[in-house]
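Subject: Structure handover

Hello,

Here is the structure you are taking over. Please open it alongside this note.

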Amino acid sequence: MKQEEVVSTLTKGGVVAVIRAKSAPQAVKLGQAAARGGIAGLEIAFTTPQAEEAIHQLFEAEDGSYLVGAGTVLDEETARLAIDSGAHFIVSPSFDAGVASYCASRGVPYIPGCLTPTEVREAMKSGVPLIKIFPGSLTGPSYLKALHGPFPEAKFMPSGGVSVDNVGEWVKAGAVAVSAGGSLTAPGERGDYEGVTKIASEMVAAFRAAKANR
């Protein structure tokens with residue numbers, strides 16, 4: 001799948017689920033529950049033990065309704081492991097030129113975490129197609145709106161502090177997608193995977209409604 005197609009799928013779906021689990025099997029269950037709720041992107045964090053196994057299982061089970069990717073990728077070796085396991089996109093909490101270059105060589109979108117204008121500019125110079133504003137909980141939608149002033153062509157996806165209640169505010173501020181972790185997957189920590197699906201469905205609906213009214 002081409003980079004443009006991956007980014008289009010993520011931004012059209014609007015919500016990326018950040019999956020941090022205690023085991024690969026739990027990560028798969030959380031990912032499946034989020035996908036049932038209409039989530040387009042499943043970001044399996046490499047803080048999860050054997051994250052590559054979860055990525056591979058979700059990749060093998062893809063039915064066209066979602067794409068699996070990898071998160072918390074801090075170096076080229078982890079990026080290689082993730083891509084070889086089936087990851088369609090790579091996400092980092094910060095920008096790394098080496099990871100950006102490696103992902104470009106593999107034709108896989110790299111989505112780095114940035115906060116300051118300097119970091120945003122460095123990421124854009126590397127050609128990344130989508131920038132994660134992280135941590136979003138420290139900035140809020142008004143900060144994202146302000147970034148769009150000097151960087152009108154940038155595509156931003158806030159991560160951290162995103163919930164069903166504020167998705168609309170992020171979209172109104174210019175987000176092309178949002179990334180949600182704990183606020184989305186919390187029910188799964190107690191085995192309530194239906195709860196994850198419910199929140200996922202509500203978050204996707206909130207994104208679509210906000211985008212339609214923007």
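Predicted model: local features only at pLDDT ≥ 70, side-chain atom pairs only at ≥ 80, totals over all residues.

**Helices α4 and α5**

Start with helix α4, residues 76-84, and helix α5, residues 97-106. Their axes lie 9 Å apart, and the packing angle is about 30°. Angles under 35 degrees count as roughly parallel, so α4 and α5 are roughly parallel to each other. Their crossing is right-handed. On the α4 side, the contact uses Glu76, Ala79, Arg80, Ile83 and Asp84. On the α5 side, Gly98, Val99, Tyr102, Cys103 and Arg106 take part. By class, that gives 5 nonpolar, 1 polar and 4 charged residues.

**Helices α2 and α3**

Next, look at helix α2 (residues 24-36) and helix α3 (residues 51-60). Here the angle is about 40°, with the axes 8 Å apart. The pair is therefore oblique. The crossing of α2 and α3 is right-handed. Ala24, Ala27, Val28 and Gln32 come from α2. They meet Glu53, Ala54, Gln57 and Leu58 of α3. This contact has 5 nonpolar residues, 2 polar and 1 charged.

**Salt bridges**

Side chains of opposite charge can pair when their charged atoms come close. Across the whole structure, the search gives 5 salt bridges.

- Arginine 106 and aspartate 84 form one, at 3.0 Å from N to O. Arginine 106 sits in α5 and aspartate 84 in α4, so the bridge ties together parts 22 residues apart in sequence. Arginine 106 is partly exposed, at 35% relative accessibility. Aspartate 84 is also partly exposed, at 46%.
- Lysine 125 and glutamate 122 form another, at 3.4 Å from N to O. Both lie in helix α6 (residues 117-125), 3 residues apart, which means about one helical turn between them. Lysine 125 counts as exposed, with 53% relative accessibility. Glutamate 122 is partly exposed, with 36%.
- Lysine 198 pairs with glutamate 202, and their closest N and O atoms are 2.5 Å apart. The two are 4 residues apart in helix α10 (residues 193-212), so about one helical turn separates them. Glutamate 202 is partly exposed, at 32% relative accessibility.

Finally, there is a network. Which residues do salt bridges with shared partners join? They are Glu77, Arg80, Asp84 and Arg106.

Best wishes

Terms used. Residues numbered from 1 in each chain as written. Heavy atoms only, no water. Axes fitted to C-alpha atoms, helices over the stretch in contact; angles between N-to-C directions. Parallel < 35°, antiparallel > 145°, perpendicular 65-115°, else oblique. Left-handed = near helix turned anticlockwise from the far one by under 90°. Contact = heavy atoms within 4.5 Å. Nonpolar A, V, L, I, M, F, W, Y, C, P; charged D, E, K, R; others polar. Salt bridge = Lys/Arg side-chain N within 4 Å of Asp/Glu carboxyl O. Buried < 20%, exposed > 50% of the residue type's maximum accessible area, 1.4 Å probe, protein only.
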